[in-house]
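Reader: I'd like to learn how to read a chain interface and a strand in a model. Can you walk me through it?

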Protein chains: 2
Amino acid sequence: MSGPVLTIGTVAFDDIITPYGRQDGILGGSATHFAMAARFKYPVEIIAPIGDDFPPKYLKFLSRKNIDVSSLSRISGKSFHWKGSYDKTFADARTIKTELGVLAGFVPSLTKTQVRRDYCFLANIDPEVQLHIINKLKGPRVLASDTMNFWIESARKNLIKTFRAVDVLFINETEIKQLAEERVLLKAVNNVSRMGVETVVVKKGEHGVFLFHKGRFSFAPAYPLERIVDPTGAGDSFAGAFMSFIAASGRRLSSDLLKQALIYSCVMASFTVEGFGSSVLDRLSVSGINARLRKYKSMLITC
Amino acid sequence: MSGPVLTIGTVAFDDIITPYGRQDGILGGSATHFAMAARFKYPVEIIAPIGDDFPPKYLKFLSRKNIDVSSLSRISGKSFHWKGSYDKTFADARTIKTELGVLAGFVPSLTKTQVRRDYCFLANIDPEVQLHIINKLKGPRVLASDTMNFWIESARKNLIKTFRAVDVLFINETEIKQLAEERVLLKAVNNVSRMGVETVVVKKGEHGVFLFHKGRFSFAPAYPLERIVDPTGAGDSFAGAFMSFIAASGRRLSSDLLKQALIYSCVMASFTVEGFGSSVLDRLSVSGINARLRKYKSMLITC
């Protein structure tokens with residue numbers, strides 16, 4: 001084992017309003033959701049800033065879940081705080097408020113051990129910070145990243161620079177179309193792949209996931225649910241499940257491995273959206289995962 | 001062989017406007033699109049009314065494609081005429097004009113041989129007419145139907161009556177949600193299945209197809225295309241491919257057979273949308289179908 005999967009992102013307070021209710025000040029952030037899903041398959045550690053308002057109970061909660069929080073940087077100021085809402089369609093979140101707090105200007109520092117991690121995930125943060133980390137890393141086996149519309153608009157050049165370094169790009173359907181300035185998904189993915197990414201995972205929400213790898217395409221449907229409560233973190237827990245699956249396999253990226261990772265990740269993300277924040281991933285058991293995996297696999301069309 | 005697949009629907013003139021141009025008076029209609037796709041796997045015959053304006057060249061065209069048009073009813077009046085447009089997203093068509101012409105009040109009559117057909121498709125027509133045909137049929141092996149929002153709103157009771165008779169219901173995602181008065185697809189499908197249909201095929205356009213069969217779900221992704229020219233008829237050619245595949249197999253409906261039929265039908269529908277009307281299905285060869293089938297199958301995730 002080559003040390004835990006390393007994720008650099010956010011650990012945050014979320015205020016979330018959905019048709020199923022409202023929760024304030026719950027534990028959120030990209031690194032949190034990533035780690036809460038990754039922990040079932042592989043050790044995981046988080047790099048992120050937290051403010052001096054960040055409660056010890058949340059740190060204890062993460063530690064008890066076997067998430068290494070020793071590299072969280074406690075900084076004087078407020079923790080990152082996001083407030084958003086979803087309507088009945090559960091389409092894109094509407095951001096009501098974003099308070100960067102200690103995230104503003106945060107530049108992560110990696111230890112000598114951390115720069116040699118084999119599996120790294122750069123969550124949706126400033127591409128300039130992503131590039132800073134990329135330059136520190138000493139040839140990880142699998143480097144993945146995520147992004148969002150804000151960076152596509154405001155930091156396009158740096159964002160494209162990251163593509164040459166990452167092995168896997170996670171991105172939403174609307175975002176990749178925006179990035180490629182293409183309405184047709186296939187063209188958008190082809191355009192972005194020509195920017196230098198070998199593997200692109202396009203997240204389509206309830207319509208599943210589209211995988212591009214070395215010029216070839218695959219799909220995985222979303223696990224069908226009767227009730228979606230809160231989609232926050234679905235993409236990050238998808239990425240967490242994905243990276244932990246790859247790490248646990250110990251294998252090089254191949255079309256077959258990626259497809260198996262997609263199956264597992266679709267199932268894990270389906271749990272995330274069934275409750276607020278990471279409440280469902282908190283209570284989840286391995287037997288619960290395996291039961292849904294079997295059900296999901298029985299739905300796939302094989303030929 | 002138990003005679004051709006029988007389809008009862010429309011044969012029409014279409015005026016279609018899409019971002020790729022405009023075509024007026026082209027051959028369209030549900031039965032046309034169904035038959036143009038079905039003919040590759042199994043003989044097919046059409047029952048539909050045509051007006052005295054219907055040109056012999058269109059009849060010749062269909063006959064040359066091995067589509068049995070001998071049961072088309074020539075009626076004094078104008079042929080069914082639909083005019084619609086699509087925007088750049090190619091989402092639902094916008095109907096600009098519908099002239100029912102000879103379709104208004106048309107009640108199909110079936111020959112003694114036709115009532116004994118094993119494979120029948122009731123295209124999107126008045127549920128009252130669908131029920132009339134259902135009552136004539138002498139226990140087909142597979143009876144399928146399609147519908148649309150217009151009948152859900154105006155003929156709901158009769159529509160639901162048809163569900164008890166059909167083996168397979170083809171329906172769009174927005175339509176099944178409207179029918180079930182449910183926003184969540186899974187709930188909508190469960191509701192409709194409780195109305196008496198054992199197998200429901202939900203067409204999700206570019207997001208593929210969702211299959212419900214005896215309480216179990218499957219999915220098939222849409223074949224990804226760089227260019228969609230005209231989505232008119234995609235659903236009907238999907239149904240045509242599906243029914244011809246089932247008929248050609250000679251097997252009873254099973255989960256496995258339905259999944260194989262989905263694969264074939266997704267591929268066939270992908271050709272339809274690449275050109276106006278049935279122009280691509282017109283030029284299509286079996287080797288062209290098989291090449292795309294291989295490509296599509298390589299995209300599916302197996303476990």
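This is a predicted model: local features need pLDDT of at least 70, side-chain atom pairs count only at pLDDT 80 or more; totals for chains, interfaces and linings use all residues.

Reader: How many residues of chain B are in contact with chain A?

Author: Contact means heavy atoms within 4.5 Å. Here 32 residues of chain B touch 32 residues of chain A.

Reader: And what is the area buried between chain B and chain A?

Author: Buried area is the accessible area (1.4 Å probe) that two parts lose on being put together, summed over both. For this pair that's about 3,100 Å², with 61% coming from carbon and sulfur atoms.

Reader: OK, now strands. How do side chains sit in one?

Author: In a regular strand they alternate between the two faces of the sheet. Strands here are DSSP runs (E, at least two residues), numbered from the N terminus.

Reader: Are the faces of strand 7 of chain A covered or open?

Author: Covered, both of them: Phe80(A), Trp82(A) and Gly84(A) are buried on one side, and His81(A), Lys83(A) and Ser85(A) on the other. Buried means under 20% relative accessible area (1.4 Å probe, protein chains only).

Reader: Which way does strand 2 of chain A run beside strand 7 of chain A?

Author: Parallel, with 6 bridges joining them; strands pair if DSSP finds at least two bridges between them. Strand 8 (residues 94-99) of chain A runs antiparallel to strand 7 of chain A, with 5 bridges, and His81(A) stands opposite Glu99(A) there.

Notes. Residues are numbered from 1 along each chain as its sequence is written. Chains are lettered from A and ligands numbered from 1 in the order in which they are written. Side-chain values use heavy atoms; hydrogens and water are left out. Buried means under 20% relative accessible area, exposed over 50%, partly exposed in between (1.4 Å probe, protein chains only). Helices (H or I, at least four residues) and strands (E, at least two) are DSSP runs, numbered from the N terminus.
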